[in-house]
Amino acid sequence: NVAMALQRYPAMAEAVAEIVVMGGVFALDDYIKDTNFGLDPEAAHQVLHSGAAITLAPMDVTTQTLLTHQDLSRITASDHPLSHFVRDTLRPWIDYSIRTRNLPGSWIHDALVVAWLLNQRVANGTDYRVDIELRPGATRGKSWRYRTPLRVDVGIPVDSGALVHVLHHVDNALLLEILEQALTQLKR
């Protein structure tokens with residue numbers, strides 16, 4: 001969606017303060033790529049290289065989040081239609097994650113991005129050069145990152161990739177607190 005918006009309105013890259021994207025995976029065991037970048041690497045490449053200030057929330061950080069059934073009951077305790085919707089839609093996802101991923105709850109990937117926009121203390125990060133593999137093959141859609149100077153730079157052009165702020169550590173307790181505050185402050 002962001003790549004399409006940039007195609008229709010190229011000036012958007014300079015018009016927005018920042019674009020925050022959930023996508024990519026760098027150093028997470030048993031993942032070569034994530035779904036968001038893996039399914040449309042050209043779009044990810046276009047956004048990363050748009051010239052906009054980019055903050056990236058890769059799976060390396062979103063898998064540090066955790067929402068249990070107890071957390072969900074607490075944060076959706078208010079009697080508001082949105083709280084009911086969140087509770088009803090996330091319960092099956094938590095059950096699925098417990099069953100298939102051997103977790104005590106579920107990761108809450110998307111919520112981290114929104115929470116970070118509300119309170120940047122929820123996650124910290126570092127600036128990296130980032131890019132996406134576009135060549136055909138098993139690694140097509142894989143994201144990669146590095147900080148300068150590279151220890152081994154054989155065959156790698158200077159400043160390969162786009163300069164991107166990559167989140168790498170999340171405060172899950174603060175994340176849950178932000179979600180709870182947002183849902184308890186809703187007016188009927």
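This is a predicted model: local features need pLDDT of at least 70, side-chain atom pairs count only at pLDDT 80 or more; totals for chains, interfaces and linings use all residues.
Residues are numbered from 1 along each chain as its sequence is written, and side-chain values use heavy atoms, with hydrogens and water left out.

Start with the sheet. Helices (H or I, at least four residues) and strands (E, at least two) are DSSP runs, numbered from the N terminus. Two strands count as paired if DSSP finds at least two bridges between them. The sheet is open, has five strands in the order β1-β2-β5-β3-β4, and its pairing is mixed. β1 and β4 are the edge strands, each pairing on one side only. From one strand to the next the twist averages 40°; axes are lines fitted to C-alpha atoms, for helices over the stretch in contact, and angles run from 0 to 180 degrees between N-to-C directions.

β1 pairs with β2, residues 54–57, in the parallel sense over four bridges, with I19 opposite I54. Strand β3, residues 123–132, is antiparallel to β5, residues 162–170, over eight bridges, and A123 has V170 as its bridge partner there. β3 is also antiparallel to β4, residues 143–146, over four bridges, where I132 stands opposite S143.

Helix α4, residues 41–48, packs on this sheet and touches β1, β2, β3 and β5. Contact here means heavy atoms within 4.5 Å. The direction of α4 makes about 115° with that of β3.

Now the cores. A nonpolar core is a set of buried Ala, Val, Leu, Ile, Met, Phe, Trp, Tyr and Cys residues joined through side-chain atoms within 4.5 Å. Buried means under 20% relative accessible area, exposed over 50%, partly exposed in between, with a 1.4 Å probe and protein chains only. In the largest core, of 24 residues, L67, L112, V122 and L175 touch the most other members. α9 gives the largest share, six residues.
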